[in-house]
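User: I'm new to this one and would like to learn how to read it. Can you walk me through a few features?

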Amino acid sequence: HPIHMLGDGSLRSTLEAEDANIAFASKLVKGLAPFPFGPKINVFMSSAASNSYVTKAKTKIKGGQVLPLKGGVDEEVLSEKDICVMVTPSTRSDYQIAEKLA
């Protein structure tokens, strides 16, 4: 699938973009978590993400906890030392949560 075809609105394009986002997040988490006793890494998936997308991310992303943003974030379980990664934020609520966590 040529790169210029990504984003053409087709299901194939959507799935390839999702796979690319998950692959990038996976590499990022792997690079951020070199030590077993380092900070906890939380990977937040957009509140608009489908269940299959979140499940795929949980399967592919190792070294970080994958959490959907549906329903918000329980800040009680987060530490100031945690690293938070937002994957494809797409709603106003997603961006507000990201701003609050920053």
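User: Let's start with D82: what is its place?

Analyst: A quick word on the model before that. It is a predicted one, where local features need pLDDT of at least 70, side-chain atom pairs count only at pLDDT 80 or more, and totals for chains, interfaces and linings use all residues. Residues are numbered from 1 along each chain as its sequence is written, and side-chain values use heavy atoms, with hydrogens and water left out. Helices (H or I, at least four residues) and strands (E, at least two) are DSSP runs, numbered from the N terminus. Here, D82 sits in the loop between β2 (65–68) and β3 (83–87).

User: Is D82 buried or exposed?

Analyst: Buried means under 20% relative accessible area, exposed over 50%, and partly exposed in between (1.4 Å probe, protein chains only). D82 comes out at 15%, so it counts as buried.

User: Which polar contact does the side chain of D82 make with another side chain?

Analyst: A polar contact is a pair of N or O atoms within 3.5 Å; within protein, one must be able to donate a hydrogen and the other to accept it, and residues adjacent in sequence count only if both atoms are side-chain atoms. For D82, the partner is the side chain of N42, at 3.4 Å. The D82 side chain also reaches the backbone nitrogen of S79 at 3.0 Å. Going by plain contact (heavy atoms within 4.5 Å), D82 touches K40, N42 and V77, leaving aside residues up to four places away in sequence.

User: Now helices. Which residues of α2 are buried?

Analyst: In α2 (residues 51–60), Y53, V54 and A57 are buried. Seen down the axis of α2, they fall within an arc of 100° (taken from the directions from the helix axis to the C-beta atoms), so they line one face of the helix. The face turned away from that side carries the exposed residues N51, S52 and T59.

User: What covers the buried residues of α2?

Analyst: The cover includes α1 (11–32), β1 (41–45), β2 and β3.

User: And where does L101 lie?

Analyst: L101 lies in helix α3 (residues 92–101). At 25% relative accessibility, L101 counts as partly exposed. Again not counting residues up to four places away in sequence, L101 touches F44, L78 and C84.
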